[in-house]
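Please open the structure in your viewer and keep the selection tool at hand.

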Amino acid sequence: MIRKFFRRIFTRNSSDSQAASVVRTISRKEHGIARQQISAGALKVTTALQQAGYSAFVVGGAIRDLLLGLEPKDFDVATNATPEEVRVLFRRARIIGRRFRIVHVTYGSEIVEVSTFRANCAVDHQPGIPAQHHADQHGRLLHDNIFGSQEEDVMRRDFTINALFYNPATEEILDYLEGYEDIKAKRLRIIGEPVQRYREDPVRMLRAVRLAAKLDVQLDDSTATPIGDLAPLLQNVPSARLFDEMLKLLMSGHALACVVDLRMRGLHHGLLPMLDVILEQPLGERFIMLALKNTDERVQQDKPVSPGFLFAALLWHEVLADWNKRQAEGEKPIPALHLAMTAILTLQRQRLAIPRRLDSIIYDIWSLQPRFLARVGRKPYRLLEHPRFRAAYDFLMLRCESGEVDMTIGQWWRTFQYADTATRETMLQQDAAPKKRKRSTRRRSRKSTESTVPADIGQAHVDHSIIAPEK
C-alpha cells in the first residue's frame, strides 16, 4: 500500500491537474439521467467499488449517448482502484491489455469494462520503463498504464463529450471541461492541444470523423484543421489496430458519410488502404457505395451485419478484374475465379489485416456467383441448399442494382426461392427450352411453346436488404 501511495504521488501530472481543477456538478434535475437508465452490471460494479472505499463513476460514451437521447451499447466504469484491487472484489473478473490494462467484470451476458484513473504519460513515465520508450519518434504513445488522479484522467481522454463522470449513487454528473455544453451545442472538441493529441494517437483522427457522423455533431475548427496535415501519421499505426478502427467506422451506421468525409480530408491515397480499396475503383464505385448505403440502413434498423459480406463487396471488383484477365489468358472460368480469389485476398491481407476467420464467408460468396447463371436441372435446387445461399443471393442483387448483372437474373432467383414446386419446374423448363431448340430444328417444331414464365417474375419485388448474417 505504501508503494502504491508513493507511486501515485510521483506519477501525477501537476499541469493537467491544474487545467482540470475547476469542476461543474450537474444535478439530475438539469441533465435528466436516472440511475435506472444505467445497466444492472455497471450499477453493481460502481456500488461494490464505492462500498469498498474507492471512487467509481460511469464514464465515456454511455453518458454522452444518454444525453443525446441515444441508447448506449455498453457502460464503462472508471475508478481510483488499481486493476489488481478491482479483480479482488469481483468473482468473475480478469485483467486484459498491455498498452492499456483494464478489467473486464462479467455479470450474466454483460461485460463491464473497468479502468483505473490514468495520468498523462507523455510527460511522466512508468518506473522501470525508459522515458523514450513511452512514445515513438512521431509522438505516438506506446505505454499508457500510469495511474493518476481523477482530474488527470479527465485530461487524457480524447474528446470533451467523452469526459463526463456520472455517479449513480448521487445521480450527478461531474464536468471538468465543459463537455456538457459541447453536447448541447452538438460540437465535437478534442481535449488539449490538437496536434499533440493526434501525434499521441493518430487513430483519434479517424475517431473524430466517425463520432461526428454517428452523433450528428460538427467538428470544432481547432479539432478539424490539423487532420489533413497529420494524416501521414496513420502509416505508423499497427495494421491490426487500424483495421479495427476502420471496421468500427464501416459498421457505425454512417459509413457512407464517413467515407465521403475521409476523402474530403485527404485520408486516402496510401494512408488508409481500406479507403483506397473503396475509392479507387472507378468501375466498382457505384457497387461499393450501394453496399455501404445498405449496410448503413441495416445498422440503423438494428439488423445484423456481416463483416465477411462487407469485405467481399469491397474487394469484389479487384477479384473481377483479375478473373477476367486470367480468362483472357486462356484459363478456364472456374479455375480462373479461384486463382483470382486467392491472389486478391492474399495481397489485401498484407495491407488490411483481414482476419482469417472471415475467409470462408468471403470465398463462398464469391465462388457461388457463377452458379446463379446455371438455371437448369437440379443445379438451382442444390444452390438453394447451400449454407451461404442467402448471403450470396444478396450479393447477386447488389450486382444487379449496380448494373453489373442483368436485373432479370436477380428477379428470377427472387421468384424461384419462394415459389412452390410446380412453379419452379415450370420456370426451369422455360429456362431450358431455348437450349433444346438450338440443337434440332425438327425437335423445336414438335416442342410445345405454351408453357411460359409466370407473369410475376418480371414484377417481383427486389429485396434491398442486401447484407444478411451467415448461418
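**Salt bridges: a guided tour**

The structure holds 25 salt bridges, a salt bridge being a side-chain nitrogen of Lys or Arg within 4 Å of a carboxyl oxygen of Asp or Glu. Side chains of opposite charge can pair when their charged atoms come close. This is a predicted model, in which local features need pLDDT of at least 70 and side-chain atom pairs count only at pLDDT 80 or more, while totals for chains, interfaces and linings use all residues. Residues are numbered from 1 along each chain as its sequence is written, and side-chain values use heavy atoms, with hydrogens and water left out.

**The whole protein**

Begin with a cartoon view. The protein has 24 helices and 10 strands; helices (H or I, at least four residues) and strands (E, at least two) are DSSP runs, numbered from the N terminus. Of the 471 residues, 52% are buried. Buried means under 20% relative accessible area, exposed means over 50%, and partly exposed lies in between (1.4 Å probe, protein chains only).

**First stop: Arg 24 and Glu 181**

Select Arg 24 and Glu 181. Their salt bridge brings the closest N and O atoms to 2.1 Å apart. Arg 24 belongs to strand β1 (residues 24-26) and Glu 181 to helix α8 (residues 179-184), so the pair ties together parts that are 157 residues apart in sequence. Arg 24 is partly exposed, at 29% relative accessible area, and Glu 181 is also partly exposed, at 32%.

**Second stop: Glu 171 and Arg 28**

Next, select Glu 171 and Arg 28, which form a salt bridge whose closest N and O atoms are 3.4 Å apart. Glu 171 sits in the loop between β7 (164-167) and β8 (172-175), and Arg 28 in helix α3 (residues 28-31); the pair links distant parts of the chain, 143 residues apart. Is Glu 171 buried or exposed? With a relative accessibility of 9%, Glu 171 counts as buried. Arg 28, at 40%, counts as partly exposed.

Now select Glu 425 and Arg 378, whose side chains meet in a salt bridge (3.8 Å, N to O). Glu 425 lies in helix α23 (residues 421-439) and Arg 378 in the loop between α19 (359-367) and α20 (379-384), so this pair ties together parts 47 residues apart in sequence. Glu 425 is partly exposed at 30% relative accessibility, as is Arg 378 at 49%.

**Last stop: a network**

Finally, select Asp 158, Arg 207, Arg 210 and Glu 245. These residues are linked in a network of salt bridges.
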